[in-house]
Amino acid sequence: MLKGKKYAGQFFGRLLVFFLASVYLVYGGVAVLAAEESAPAVINDVSGIGAGFSSILYDSSKGLPTSEANDIIQTDDGFIWIGSYSGLIRYDGTEFYRFDASTGVASVVSLFADSRQRIWVGTNDGGVACYENDNFTFYTKADGLKASSIRSIQEDNEGNIIIATTLGMAYVDPEGKLHAIDDSRINAEYVCELRKGPDGIIYGETLAGDFFSFDKLKIKTFIKGNDLGFGAINCISPDKDKPGYIYLGTEDNKVLHGKLSDKFTDVTTHIATGHDCINAVVPIDNSVWVCTDNGIGFFDETDHYIPLRNIPMNNSIDNMIRDYEGNLWFVSSRQGVMKIAVNQFSDISLIAGLPSMVVNSTCKRGEDLYLGTDKGLTVLDSQYHVKETELSELLEGVRIRSIKSDSKGNLWFSTFSEFCLVLLRPDDTYEIFNEESGLSSPRIRNTEELSDGSIAVGTSGGVNIIKDGKVVRVYDGKFGLKNTEILSIAQGKDGTLYFGSDGDGIYVVKGDSLSRLGVENGLHSEVVMRIKYDEYRDLFWLVTSNSIAYMQDEEITTVDHFPYPNNFDIFFDKNGGIWVLASNGIYIVNGDDMVKNDHIAYTFYDTMGGLPTITTANSRNEITEDGNLYISGTTGVASININEVRSLDHKIKLSVPFVNVDGDMIPVEEDGTVNIPAKSKRVSIDGYVLTYSLTNPIVRYSLEGFDNDVVESTKEEMETAVYTNLPGGEYTYHLAVIDTLTGDESDSITIRILKNKMLTEYPLFWVFLALLFTLFVVLLLLLFFRHRTKKLKEQALANRRLVNQLSKTFGKVIDLKDSYTNGHSARVAKYTRLIAKEMGYSQEEVDRIYNIALLHDVGKIGIPDSILNKPGKLDDDEFHEIQTHAAKGFELLSDFKDLEPELAYGAGYHHEKYDGSGYPRGLKGDEIPEVAQIIAVADTFDAMYSTRPYRKQMPLEKVISEIERVAGTQLSPKPVEAFIRVYKAGAIEEVAKTTA
């Protein structure tokens with residue numbers, strides 16, 4: 001590393017050092033860094049910094065709202081902030097959010113997070129803005145800035161925010177007041193960069209190439225860069241481990257390291273070979289990173305400059321950071337943002353420079369890695385260089401299905417070719433076994449060494465046993481195998497042989513006896529691709545074409561709760577985990593949970609999670625004694641040590657910065673509480689799971705005190721939690737990351753939501769209201785009886801007539817009502833009126849439709865009470881009788897067609913369905929009168945949003961979702977659309993409340 005730098009020792013630093021500190025990274029013996037010419041030769045990978053990293057570019061085509069970025073920071077809560085000419089952007093690991101231009105923030109060129117975690121935003125032409133609690137405070141020329149273009153921002157030890165502009169410097173004191181910094185040496189200077197050292201001194205650099213130190217709001221040392229003789233100075237950075245020492249980057253390719261006091265002394269010069277115009281120098285632990293106009297590199301601890309190769313960002317790289325998980329981020333004013341993320345998988349094909357190809361088998365022998373493909377054999381040496389051998393030449397163009405080693409150091413190559421089975425001895429001599437040698441078929445699938453040292457060979461014609469170089473036993477159709485296509489072979493501790501067939505289950509061979517295990521014995525599929533012994537649990541695992549099962553004492557149990565059916569291979573780590581290689585990625589599960597055959601928590605890796613390639617179907621995958629798994633993939637080969645994988649869940653930061661209350665963002669207080677007004681209707685909570693690694697953790701969240709529903713999903717699928725009409729009181733929002741192997745919470749946060757109560761939510765209010773109402777009723781009754789006594793005689797005859805008429809009328813009304821649908825017709829009529837009005841009907845038409853809707857269930861007058869009021873489920877005959885009420889209602893009201901032609905339509909057709917599946921006539925589409933279409937929507941809503949004997953009232957949001965779902969099938973789309981608009985305006989809920 002550059003002179004004076006020492007190893008910091010932090011965890012993530014050590015992780016980086018493991019990959020970056022030396023020129024050679026030993027992971028299976030491969031070097032993976034591109035070094036300068038004087039360093040040892042090495043091989044590139046996708047990131048240039050080790051097989052355990054992957055690079056991802058974000059631009060306008062890949063999620064970022066722009067294709068350029070000027071600066072990047074991370075705040076303590078875990079959010080990534082990006083400054084671009086298109087504005088301020090926040091990233092949570094899933095979504096990029098750009099702050100709207102209406103905030104006043106645009107054309108961002110610099111960012112800074114102060115000790116209070118306020119974000120300071122330097123713009124190109126609008127001054128500086130401070131973002132706190134979702135509000136921006138601006139400082140512009142009108143407030144005293146000499147220039148509106150802000151190039152850099154820092155904070156001194158006293159809490160002053162130091163601002164570098166294109167015309168001198170200024171600062172904002174802790175009380176928020178702006179002051180100019182008056183120094184003739186920088187008043188007219190374009191100050192480009194400010195960086196704070198470990199001793200609190202701030203170092204700066206100007207466009208003219210001068211640099212200075214700044215402390216106690218004063219310039220301490222000012223040096224003309226041109227006087228140094230190193231060329232124009234382009235950037236500055238303090239040495240974090242040596243107070244008083246700084247790095248300077250030049251406009252060509254030099255990095256200077258020296259002490260800045262009265263002069264710049266003790267200078268050493270290092271060359272960023274191959275790169276031009278150094279824009280940023282960033283020390284990270286024992287490396288010094290360099291961002292330039294044409295690439296990225298770093299000086300390692302031996303002072304070698306190592307440029308990154310084969311990365312997607314290579315132009316105008318202006319700055320970089322390392323996030324809290326150890327990922328590296330770079331910004332380019334032309335290409336956007338690039339992340340180099342920790343990846344637990346190694347892309348061996350990429351390191352070796354292999355073309356994309358299907359790999360059927362992997363096998364290690366010594367330091368060499370053998371790859372069997374559809375087109376022959378590829379051998380890689382300890383440095384993952386392609387190694388030509390006599391056997392690779394022999395097998396060129398041959399489809400190799402399996403490569404397997406035995407205890408004597410031999411390799412067995414199973415092929416679909418004239419070479420059949422090839423034995424490669426430790427001395428590199430080989431021998432070919434074919435049909436002339438006694439093999440049952442030229443199609444060899446696999447081999448397995450047996451306890452006596454013999455080799456069992458699985459072929460398309462059965463199983464052959466080779467011992468001492470000869471075929472000594474054949475298990476084929478003559479022996480009793482009905483299906484001779486053998487996909488897997490295993491041997492029990494007692495010598496029993498198990499053959500997994502391609503469609504007839506498992507053949508069990510004990511001496512000369514043969515038996516079979518199939519679906520009748522517990523298999524879900526009789527295509528058995530793997531039979532593997534698990535020494536940790538003393539049983540065999542069976543991978544079939546549609547399930548995973550295990551076999552103990554020849555008793556088979558299929559795992560019902562494994563999350564995926566199309567699996568290929570299975571391995572066991574030393575921590576009790578089981579690795580299942582599947583057609584969509586790799587599942588890691590707890591082996592004991594698999595045996596329990598209950599809920600199975602799992603970790604999943606796919607290509608989005610860093611897996612370089614997906615496992616080839618029915619491939620053979622090598623695992624070494626120390627746990628290195630070499631994955632045969634559809635595009636190449638990858639590796640991972642399954643014994644050393646560590647979950648990153650414990651590192652994940654969780655955040656709930658705001659709660660959205662009726663569209664207003666209310667910040668969460670430092671103590672984790674949020675107070676919301678009593679009149680609040682809609683509360684939305686966005687819980688952020690801030691991880692930038694190649695993982696998609698399982699998260700769980702709930703609102704305790706409101707309901708018992710707990711939502712569990714992946715981070716990428718996590719949705720906003722929305723709650724409406726919360727009663728006044730205290731609630732707890734709980735957000736947690738789940739350990740995928742144990743199912744326990746690995747980390748969590750909670751916020752308290754305190755909603756003030758409305759007057760109507762206090763019991764005393766209702767007591768007072770009840771007393772007041774009682775007094776009112778008593779007074780009303782007294783007045784009524786006085787009036788009635790006075791008018792009794794003169795109204796006696798009229799009252800008797802009125803009572804008779806009312807009795808008849810209300811008798812009909814009561815007969816028309818179900819005992820459990822009290823108020824139904826009135827509510828349906830009111831909903832209908834709202835929909836009709838939204839659809840543009842005139843007031844006269846709306847009133848007419850309202851009256852029609854009032855009588856929509858008039859036909860129920862002809863339905864027996866025993867059916868109408870039956871508390872349980874109706875039988876078929878009773879249900880058919882209920883359906884006749886529509887036709888009866890139509891018939892009853894048809895006599896009034898002269899007064900109102902459409903009066904009968906509501907009663908007769910409100911159960912017709914848009915797709916023609918309704919009754920009584922099976923009308924569809926526009927055949928159904930529009931008034932009946934409208935009533936059908938209102939009737940459907942009230943039916944679901946009311947309590948019935950056979951079910952309770954459904955939740956409002958579920959009712960609305962169901963209505964939207966059946967639009968175009970059961971209900972007509974046009975009135976549904978009008979209904980949804982009315983609902984969103986709040987009118988539907990209002991009617992439901994007032995008529996409940």
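Let me start with R516, which at 28% relative accessibility counts as partly exposed, a class lying between buried, under 20% relative accessible area, and exposed, over 50%, computed with a 1.4 Å probe on protein chains only. What you see is a predicted model, in which local features need pLDDT of at least 70 and side-chain atom pairs count only at pLDDT 80 or more, while totals for chains, interfaces and linings use all residues. Residues are numbered from 1 along each chain as its sequence is written, and side-chain values use heavy atoms, with hydrogens and water left out.

A search of the whole structure finds 33 salt bridges, each being a side-chain nitrogen of Lys or Arg within 4 Å of a carboxyl oxygen of Asp or Glu. One of them joins the side chains of D504 and R516, at 3.0 Å from N to O; D504 sits in the loop between β42 and β43 and R516 in strand β44, so this pair ties together parts 12 residues apart in sequence. Strands here are DSSP runs of E, at least two residues, and helices runs of H or I, at least four, numbered from the N terminus. D504 itself, at 13% relative accessibility, is buried.

A second salt bridge joins R700 and E712 at 2.9 Å, N to O, linking strand β62 with strand β63. Returning to our opening residue, salt bridges with shared partners join D504, R516, E520 and E526 into one network.
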